[in-house]
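Work through the exercises below with the model open. Each task is followed by a stepwise solution.

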Amino acid sequence: MSLALQGGGAHGAFTWGVLDAILEDGRLAVEAISGASAGAMNAVVMVEGWLQGGIDGARSQLETFWRRASLDGSLSPGQRALLGVMLGFWGKPWTDVIAPSFSPYQTNPLNINPLRDAIAALIDFDRVRACTDVEIFISATNVWTGKVAIFKTPELTVDHLMASACLPTVFQAVEIDGVPHWDGGYMGNPALFPLFDETMTDDILLVQINPLERRETPRTAREIHDRLNEISFNGTLLRELRAVAFITQLIEEGKLSPDEYKNVHLHRIDASGVLDDHEASSKGTAEWDYFVQLRDAGRRTAQSWLAAHYDAIGVRGTLDLQDARL
């Protein structure tokens, strides 16, 4: 099957747990992965680890990445301090006071990103670019056009990952071939269309970590900012899912030929009931214990999903595309 990995900062540790459980289970082969932001990092780290050491290598590399990304990981004291300040920008003082008045070109004029150093030291991008077994699609947002940019396996560098994870209120835009890019979550979180057009498998497993629904009205500045974050980071995904539902309906009604249009089997593992009580601002929490908590929740959720739906893979989708929430 193909994997579609949503971004969401520290909440991407939930996806780490999902991937770890899938790798441990060992029954699924992955043809392609589409990812944005933290989803993009999980994708590249997992593939590079698999190229080094198979399933055990992939699981080990994912754990190493999240350990290094934590504030108590392998970053230097100076890097940890800087990362802590940057991640703190998700919180109330940043939302209410700093963000409206200052840009990262003022607050971080040297454009220092400790996570970039951690990724560059961990990942052998020459090995990733040479991979022909798994296709990777990384999404970012083209600042000039406002359109999604898709970067593929043969071109990937650390800059492409940083572009996919570039929050414009925290980091300066990342230039790729002279063009500035921001976080991929704005226009493709994750992008599904490469998995329709450039893969053989009909099965796509979406790992979704941004809550679709919250049955309460945000009232404080922080609550409003958090909910806007969640809505905007789900918007393009929901549009793609609606398009898939429409095409699927036309195929089933005989109005479109299944020989010309792919009848996609969509599946979803989401963090509903796990991250519902975690504010969007907790995406900036970088403590190792928090990552492990989310990893373990992701593992349990994936194990339950595999037990309930494994037999449907290759036969039918398990995500209800007529669900009113889509």
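**Exercise 1: Cysteines**

A search of the whole structure finds zero disulfides (a disulfide being a pair of cysteine sulfur atoms within 2.5 Å). This is a predicted model; local features need pLDDT of at least 70, side-chain atom pairs count only at pLDDT 80 or more, and totals for chains, interfaces and linings use all residues. Residues are numbered from 1 along each chain as its sequence is written, and side-chain values use heavy atoms, with hydrogens and water left out.

Task: decide whether Cys-131 is buried or exposed.

Solution. Step 1: take the cut-offs, buried under 20% relative accessible area, exposed over 50%, partly exposed in between (1.4 Å probe, protein chains only). Step 2: Cys-131 has 9% relative accessibility, so it counts as buried. Step 3: Cys-166, at 1%, is buried too.

**Exercise 2: Confidence**

Task: find which element has the lowest mean pLDDT.

Solution. Step 1: pLDDT is the predictor's confidence in each residue, from 0 to 100. Step 2: the chain mean is 85, and 87% of residues reach 70 or more. Step 3: helix H4 (residues 92-98) is lowest at 44, while strand E1 (residues 2-5) is highest at 98. Step 4: where pLDDT is low, the predicted coordinates should not be read in detail.

**Exercise 3: Helix crossing**

Task: classify how H1 and H11 are oriented to each other.

Solution. Step 1: the axes (lines fitted to C-alpha atoms over the stretch in contact, with angles from 0 to 180 degrees between N-to-C directions) of H1 (residues 12-25) and H11 (residues 288-309) come within 6 Å and cross at roughly 45 degrees. Step 2: angles under 35 degrees count as roughly parallel, over 145 as roughly antiparallel, 65 to 115 as roughly perpendicular and the rest as oblique. Step 3: H1 and H11 are therefore oblique.

Key
Helices (H or I, at least four residues) and strands (E, at least two) are DSSP runs, numbered from the N terminus.
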